[in-house]
Amino acid sequence: MKRRQVGSMRVNEHPILKFPEREKIAFIFEGKKVYGYQGDTIASALHALGVKTLSYSIKLHRPRGFYCAIGNCASCNMIVNGKPNVRTCITLLEPDMVVERQMDKGAIK
Amino acid sequence: MIQKELIIIGGGPSGLCAAKMAAEAGVSVLLCDRSLKLGGQLIKQTHKFFGSKAQYAKTRGFDIAKILIDDVIHHPMVEIMTEATVVGLYPDKVVTVYHNDTYIKYQAQTIIVATGASEKFLAFENNDLPGIYGAGAVQTLMNLYGVLPGQDIIMVGSGNIGLIVSYQLLQAGVNVKAIVEAAPTIGGYKVHASKIRRLGIPIMTQTTIQKAIGKEHLEAVELVSLDDKWQPISGTEKTMPIDALCISVGLSPMHQLLSMVNAKTKFIPELGGFVPVIDDHHQTTVEGIFACGDAVGIEEASSAMMEGYLTGLYVTKHLHKEHPEQQKLMEKYEYELNMLRNGPFGVKTKIGLEKLRRGETHAE
């Protein structure tokens, strides 16, 4: 089996699956403009960019990453367009989304 | 309130199959799923299935999902809601669905809870570091979104999921350093283990993770050998640099919604943990609320499909309706489900089901 390109978290070649080129989507992560692809969830786009820490635990502020991918574990909860506790593993990435790491329980405004 | 004859919670294999049967019998169905797409965990499964024709043997998981979705998506009796999380279930069969930032209330005559399962976790130091994933999550990330979990990975657990996902990681180009297994023997099918071994991946039995090392994310793990009493042997610690760790130590049925309506549950280790007490027709101890698939006991997707078809038919009967082939199909799927459980890997399930039924009074 082929070793993939170093530095890229995207699957390039696969014996069974095809990942055709998709439209690029720009979004804002922690104040910076970054890119994902059409069809990505917020979490998959961030992971592909090498962003592993998605939130911090409420009491001890320990880093939290992607864990269950089914919207169950709350580890990937982030602030999206100002709204806290968005389950980024089951939320589709949309153009110009503003995504921030969540450090607390999040307040309902 | 919106009225529905049947609300199915969960659009995985069992939920989809239940929807098909009920819809064909003329039952109005609402199928809710919190994910972006229907199909449950089938949509990321690239391996071919075992079993017989009734369970789409030799077909890849994601292709089975397409078949099951096609069966219901255009059916006039089925309404489908994705990105719809059921957040409330009440004994009078009111269902609250969270969808598009709003809460929608439905009044159902019957409900099927087909919520599936969630991954179990493992206790060790620093087990919350980013870079430590559930095996199912890794499968989703790489097979559905085409994103790799890391460069170098260790798999914890040698059950079928651990073995299959390890192989899929290799296919995607990830360096699988080892599979570690606390038990003295490999948990999954020999055919999957042999495939892994032929590629030179060591399967280390009687070994576990002592701790994860890293500050912002995973950088290494410390492995340790276990003695015959499952105790760590000091002096056998070994540090391995990796940037991803995959946990595949089993699944727990998601019974939580059923607990909201006080359906009776029982702790059955053979079925994966707390499961609802159900009668022979998959009805829980709450009248009109049924459950099927992994939510009532961890098995393979093949069994979940058979249970789904059956539960769809049982609910139809409960609603005093009839599928055009009610009796024939009921016999067929009951036979198929039995066949699946008669294999060597069905032993655990059968013991679990026996325990679940023993000494229990059903629907009150």
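Reader: In which sense, left-handed or right-handed, does α3(B) pass α4(B)?

Author: The crossing of α3(B) over α4(B) is left-handed: the near helix is turned anticlockwise from the far one by less than a right angle, whereas clockwise would be right-handed. Helices here are DSSP runs of H or I with at least four residues, and strands are runs of E with at least two, numbered from the N terminus. This is a predicted model, in which local features need pLDDT of at least 70 and side-chain atom pairs 80 or more, while totals for chains, interfaces and linings use all residues. Residues are numbered from 1 along each chain as its sequence is written, with chains lettered from A and ligands numbered from 1 in the order in which they are written.

Reader: Why are α3(B) and α4(B) called roughly parallel to each other?

Author: Their axes, lines fitted to C-alpha atoms over the stretch in contact, with angles from 0 to 180 degrees between N-to-C directions, come within 10 Å and cross at roughly 30 degrees. Angles under 35 degrees count as roughly parallel, over 145 as roughly antiparallel, 65 to 115 as roughly perpendicular and the rest as oblique. The two helices are therefore roughly parallel.

Reader: Which residues of α3(B) meet α4(B)?

Author: A135(B), V138(B), Q139(B), M142(B) and N143(B) do; contact means C-beta atoms, placed from the backbone, within 7 Å.

Reader: How many residues of chain B are in contact with chain A?

Author: By that cut-off, 28 residues of chain B are in contact with 32 of chain A. α3(B) gives the most to this side of chain B, with six residues.

Methods
Two residues are in contact if their C-beta atoms, placed from the backbone, lie within 7 Å.
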